[in-house]
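The exercises below concern a predicted model. Work through each task with the sequence and the coordinates at hand before reading its solution.

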Amino acid sequence: MDVNVLNKRPIARNTLWNFFGMAAPVLVALFTIPLIIKGLGTDRFGLLALAWVVMGYFGLFDFGLGLATTRFVAEYVETKKIGALPGLIWTSATFHAGLGLLGGFALWLLTPWLTADVLKIPAQLVAEAEISFYLLAASVPLIVLTAAFRGVLEALHRFDLVNQVKIPASTVNYLAPLLVLLFTKNLAAVVAVIIISRGVVFLVYFFLCLRQLPDLKSRYTFQTEFLKPLVKFGGWLTITNMLNPVIVSLDRFLIGALVSVSAVSYYATPYEVVTKLWIFSASLLAALFPVFSAMSANRRSEIRGLSRRAVYYLLAAVVPIVGVLLATADELLFLWVGPDFAAHSAQVARWLAIGTLINVLAQVPFAVLLGLGRADVTAKLLAVQMPLYAAAVWFFATRFGIAGVAFAWDARCAVDAALLFFAADRLLPAPEQIIKDHQPVSKLIVVALFLAGFWLVSLVNILILKIMFTIICLSLLLFWEWVYLLCESDRETLLGFFRPARNNLK
């Protein structure tokens with residue numbers, strides 16, 4: 001294994017692989033879900049949706065050990081401790097298997113109670129549902145164990161291999177039901193096909209790891225000294241993963257309690273669309289996390305420059321989309337869900353777009369902190385924010401309705417971003433030379449001015465003028481990003497992606 005080759009895999013290419021890996025199943029779902037609902041019926045589709053939730057939830061049943069594996073494997077590769085990798089990886093895999101067996105056994109025991117008492121399942125579907133949940137329970141060890149070997153490939157920067165497996169595997173979730181519907185509507189058959197695909201995914205990741213690290217073939221070893229760092233990092237990450245969904249969903253629950261259920265619809269509809277912008281930060285930072293982890297070993301001083309470039313990349317990708325949302329939220333919502341939602345949700349969409357942009361940028365210091373092994377910092381910051389955010393949502397919801405809640409969400413995103421950037425800055429070594437560099441601040445000011453311009457465009461009532469001003473603002477923004485936000489190497493990298501396609505057309 002050539003360590004130097006592993007560390008030189010281009011971040012931009014890995015980011016694109018991640019983006020396609022996340023976007024492909026979403027596109028497939030848009031087209032296939034209506035057909036699945038029509039074929040299975042509402043009740044069976046509801047149970048299938050629950051099966052998807054169960055598989056997603058138990059995919060997190062590794063308690064953060066998958067990401068911990070990525071971090072420590074990347075660090076060991078950076079420090080050339082190649083001989084220790086088999087012990088680390090097999091210890092992680094064995095612990096993953098144990099957690100998976102525990103989770104699967106728990107779901108197996110809960111299945112009769114879930115299908116008979118908790119879920120309101122039509123009598124004719126109870127047997128199908130019970131078999132489906134037993135099949136899901138049997139698959140949990142495979143799902144959890146898959147995270148360990150996927151984490152190894154990500155640590156080696158092989159996101160091309162990860163996503164070449166992930167993309168077809170994710171689309172099987174939606175294509176398998178259509179295939180099974182050609183023969184039967186039985187839900188258990190649908191779940192069985194999906195689970196078989198998960199078994200294939202596990203085997204492919206496993207053999208890919210063996211190919212990348214041949215020493216794993218002959219050196220199975222379980223070493224308890226690796227457990228403490230894995231469990232410590234994974235434990236703090238588990239707390240973060242538990243708190244984050246609560247904070248993310250808190251606003252909608254409080255709107256339902258303090259305003260009205262219909263207000264939840266007016267808030268949640270733009271929220272579900274606008275927050276899809278997270279795919280940009282998730283794609284980039286999944287590629288950067290193993291890089292930050294490797295740098296934390298002996299190149300911490302280089303993390304500052306790379307994290308700043310990451311912020312610029314995210315600004316370049318997301319600000320144009322946010323600008324268009326600010327300018328045309330009324331028209332887009334009118335076309336998508338009608339005039340009633342446009343009247344109630346447009347202002348909410350604008351505030352949420354601003355908050356999402358801030359949150360996308362905040363994922364950079366979040367990834368830096370995880371790369372430094374300080375998952376405890378992110379967990380503690382979330383724990384402090386949660387009660388304060390709940391109080392802010394209550395205050396703004398009772399006085400300003402859902403637009404106030406969106407503003408409170410923006411404020412929390414801003415505070416969270418400030419704290420994460422501050423924490424990452426304090427934990428990174430100070431620059432060797434004190435340089436007064438106001439470039440980042442000046443660029444953020446320019447971005448803020450562009451966003452203010454887009455918001456002003458939204459006040460234009462004549463549609464043709466609004467479209468014209470939006471195009472002008474967008475063109476100026478893209479020109480500024482190309483010239484001033486991206487450096488020469490960034491522009492060369494972007495142009496490089498289009499050259500092969502252009503050559504093929506000749």
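**Exercise 1.** Classify Tyr267 and Tyr271 as buried or exposed, and then decide how their rings are arranged.

Solution. Tyr267 has a relative accessibility of 0% and therefore counts as buried, the cut-off being under 20%. Tyr271, with a relative accessible area of 3%, is likewise buried. Turning to the rings, their centres are 6.1 Å apart and their planes meet at 25°, so the pair formed by Tyr267 and Tyr271 is stacked, given that planes under 30 degrees apart count as such. Both residues belong to helix α10 (residues 261-274), where they are 4 residues apart, about one turn of the helix. In general, an α-helix has 3.6 residues a turn, so residues three or four places apart point the same way.

**Exercise 2.** Determine the geometry of the aromatic pair formed by Phe19 and Phe20, and state how each residue is classified by accessibility.

Solution. The count of aromatic pairs comes to 20. Phe19 and Phe20 form an aromatic pair with 6.3 Å centre to centre and 70° between the planes, an edge-to-face arrangement. At 25% relative accessibility Phe19 counts as partly exposed, and Phe20, at 46%, also counts as partly exposed.

Key
Residues are numbered from 1 along each chain as its sequence is written. This is a predicted model: local features need pLDDT of at least 70, side-chain atom pairs count only at pLDDT 80 or more; totals for chains, interfaces and linings use all residues. Side-chain values use heavy atoms; hydrogens and water are left out. Rings of Phe, Tyr and Trp (its six-membered ring) pair if their centres lie within 6.5 Å; planes under 30 degrees apart count as stacked, over 60 as edge-to-face and the rest as tilted. Buried means under 20% relative accessible area, exposed over 50%, partly exposed in between (1.4 Å probe, protein chains only). Helices (H or I, at least four residues) and strands (E, at least two) are DSSP runs, numbered from the N terminus.
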